[in-house]
Amino acid sequence: MRWVSFSMTQPDLFGEAFEREGVAILRGFALADDMALVAAIKAVAAAAPFRHMIVPGGGRMSVAMTNAGIGWVADTKGYRYDRLDPLSGEPWPDMPSVFLDLAHRAAAVAGFDFTPDGCLINRYEPGAKMGLHQDINEGDYSAPIVSVSLGLPATFQFGGLKRSDPVEKITLHHGDVVVWGGPARKAFHGVLTLRAGHHPIGGHRYNLTFRKAL
Ligand SMILES: O=C(O)CCC(=O)C(=O)O
Ligand SMILES: [Fe+2]
C-alpha cells in the first residue's frame, strides 16, 4: 500500500502546505452537507446532551462532548468506549446517515474503505482547547480517523509518534475534513485554545471524529 498525503485544492486555498504520509486534508469537503450535519448534531444532543467529562486526573475537559454510535467516555477511572451514555444509562443515539455517508466518502478519497462505528462530537466554546494526545483507545488501528470541522476556525496541531516530536500547525475552517491513518494513525495531535468569533452556525466550533472503536 502506498500512503498519500495531499489536499484537495492545489495550491492550498489557505496557503498552508502540509505534507505527511497517511494524512489527507480535504478542504471544504463537508461544505455541501454543513447544515444537515449541524441539524444532526442538534438531534443527537437533544437525546444525549453535551457535557464536560472528568479525566482520570480529576480535571474537567474544556471541550463539551457527546457521541453517536459507540461512545468515547472519560471518567475518574479512565478512558473507554461504551455503547451506553453514562448520564442516561441508555445507548448513545444511532449514527445519523449524513455522518456515516460523509465519513465513508472522505476516507475513500484518502484511500481507505472505512465504516466507522462511533463518532465523538466535540463542541469548543471560545477558550476551550484539547491538549496533545493520541487516539489509541480504539480496537482497530488499520482504520483511519476522520475529523470534520464546523463553525469557528481552529488551529490544529499535528505532531509525530512521540509527544516530544515537533508539531505543525494547520488552520481548520468550517467544512474541512482531515483523514489520518496508516503511518500517521497514532500521531500526536491537539487543538489550540479557540478564539472568540462569529460564524453563521454560532459562536463555537464543532468537531466530529469518526472512529472504528470496537
Ligand atoms: O477537534 C479536533 O479537531 C480534534 C479532536 C480530537 O483530536 C479528538 O476528539 O480526539
Ligand atoms: Fe484526537
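## Questions around a ligand site

Trainee: Which strand is H133 found in?
Mentor: Keep in mind that we're looking at a predicted model. The strand in question covers residues 130–133. H133 is found in strand β7.

Trainee: Is H133 buried or exposed?
Mentor: Count the C-beta neighbours inside 10 Å, and you get 11 for H133. The cut-off for exposed is 12 or fewer. So H133 counts as exposed.

Trainee: Which residues does UniProt list for "binding site"?
Mentor: The entry is unreviewed, so take it as an annotation that may be inferred rather than shown by experiment. The listed residues span 57 residues in sequence, yet no two of their C-alpha atoms are more than 8.6 Å apart, so they gather at one spot. UniProt's list is H133, D135 and H189.

Trainee: Where is D135 found, and is D135 buried, exposed or partly exposed?
Mentor: D135 is in the loop between β7 and β8 (145–151). Not counting residues up to four places away in sequence, D135 touches I145 and R211. D135 has 18 other C-beta atoms within 10 Å, and buried needs 20 or more while exposed needs 12 or fewer. So D135 comes out as partly exposed.

Trainee: Which elements give two or more residues to the shell around ligand 1?
Mentor: Start with the residues around ligand 1: L120, N122, M130, D135, S147, F156, H189, V191, N207 and T209. Now look for elements that give two or more of them, and you land on β6 (118–124), β12 (189–191) and β13 (205–211).

Trainee: By class, how many charged residues does the shell around ligand 1 have?
Mentor: Take the other classes out of the way: the shell has four nonpolar and five polar residues. That leaves the charged count, which is one.

Trainee: How far apart are the end C-alpha atoms of residues 115–214?
Mentor: That's the stretch where UniProt, in an unreviewed entry, places the feature "domain: Fe2OG dioxygenase". Over these residues the chain is 0% helix and 42% strand. The end C-alpha atoms are separated by 12 Å.

Trainee: Is F112 buried or exposed?
Mentor: F112 lies in the loop between α2 and β6. Not counting residues up to four places away in sequence, F112 touches A107, P144, V179 and G181. The cut-off for buried is 20 or more C-beta neighbours inside 10 Å, and F112 has 20, so F112 counts as buried.

Trainee: How far apart are the C-alpha atoms of R80 and E138?
Mentor: R80 lies in strand β5 (residues 78–82) and is exposed, with 12 other C-beta atoms within 10 Å. Not counting residues up to four places away in sequence, R80 touches V73 and N137. R80 and E138 are 58 residues apart along the chain, and their C-alpha atoms are separated by 8.5 Å.

Key
Residues are numbered from 1 along each chain as its sequence is written. Chains are lettered from A and ligands numbered from 1 in the order in which they are written. This is a predicted model: local features need pLDDT of at least 70, side-chain atom pairs count only at pLDDT 80 or more; totals for chains, interfaces and linings use all residues. A residue is near a molecule or strand if its C-beta atom, placed from the backbone, lies within 6 Å of it. Helices (H or I, at least four residues) and strands (E, at least two) are DSSP runs, numbered from the N terminus. Ala, Val, Leu, Ile, Met, Phe, Trp, Tyr, Cys and Pro count as nonpolar, Asp, Glu, Lys and Arg as charged, and the others, Gly among them, as polar. Two residues are in contact if their C-beta atoms, placed from the backbone, lie within 7 Å.
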